[in-house]
Amino acid sequence: MDILDESKKQRIVQELVPGKQITLAHIIASPDPVLYEKLGLDPSVDYARAAIGILTVSPAETAIIMADVAVKAAAVDLGFVDRFSGSLIISGTVSEVEASEAAILSYVRDELKYTVCSITRT
């Protein structure tokens, strides 16, 4: 198929598969300051001690519950909560972000009976 041929355009439909799962739980330790800037996070942090936590969940509305668990578990800042895409971004020290993510995974696994992934790190 010739990609430039306008008569042969393909339409791609993206959709979420129903399920109760956390599909990503990642911690970025000591992120580059430009990452904070691009994400719209507080640029006045101590980058040597800082971390960013990223989580995605389905159904998407669960991101609201995850944000609540995160701030109650540790002194993290909410960077972004999207109840439509199921994304959550938190920031704080590495130990605070790790504690929040662990609390989130535990809560949604044990109380909400979701399938959860393990926490990954960079």
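I counted secondary structure first: the protein chain has 3 helices and 6 strands. Helices (H or I, at least four residues) and strands (E, at least two) are DSSP runs, numbered from the N terminus. Along the sequence I read β-α-β-α-β-β-α-β-β.

This is a predicted model, where local features need pLDDT of at least 70, side-chain atom pairs count only at pLDDT 80 or more, and totals for chains, interfaces and linings use all residues. Residues are numbered from 1 along each chain as its sequence is written, and side-chain values use heavy atoms, with hydrogens and water left out.

Next, the core. A nonpolar core is a set of buried Ala, Val, Leu, Ile, Met, Phe, Trp, Tyr and Cys residues joined through side-chain atoms within 4.5 Å. Buried means under 20% relative accessible area, exposed over 50%, partly exposed in between (1.4 Å probe, protein chains only). The largest nonpolar core holds 21 residues, and Ile22, Met66, Leu88 and Ile104 have the most contacts inside it. Two or more residues each come from strand 1 (21-29), strand 2 (50-58), helix 2 (62-73), strand 4 (87-93) and helix 3 (94-110). Helix 2 gives the most, with 5 residues. Another core lies apart, with 6 residues, including Ile28 and Ile89.

I then checked Lys72. Helix 2 contains Lys72. I log Lys72 as exposed because its relative accessibility is 64%. Its side chain makes a polar contact of 3.1 Å with that of Asp68. Such a contact is a pair of N or O atoms within 3.5 Å; within protein, one must be able to donate a hydrogen and the other to accept it, and residues adjacent in sequence count only if both atoms are side-chain atoms.
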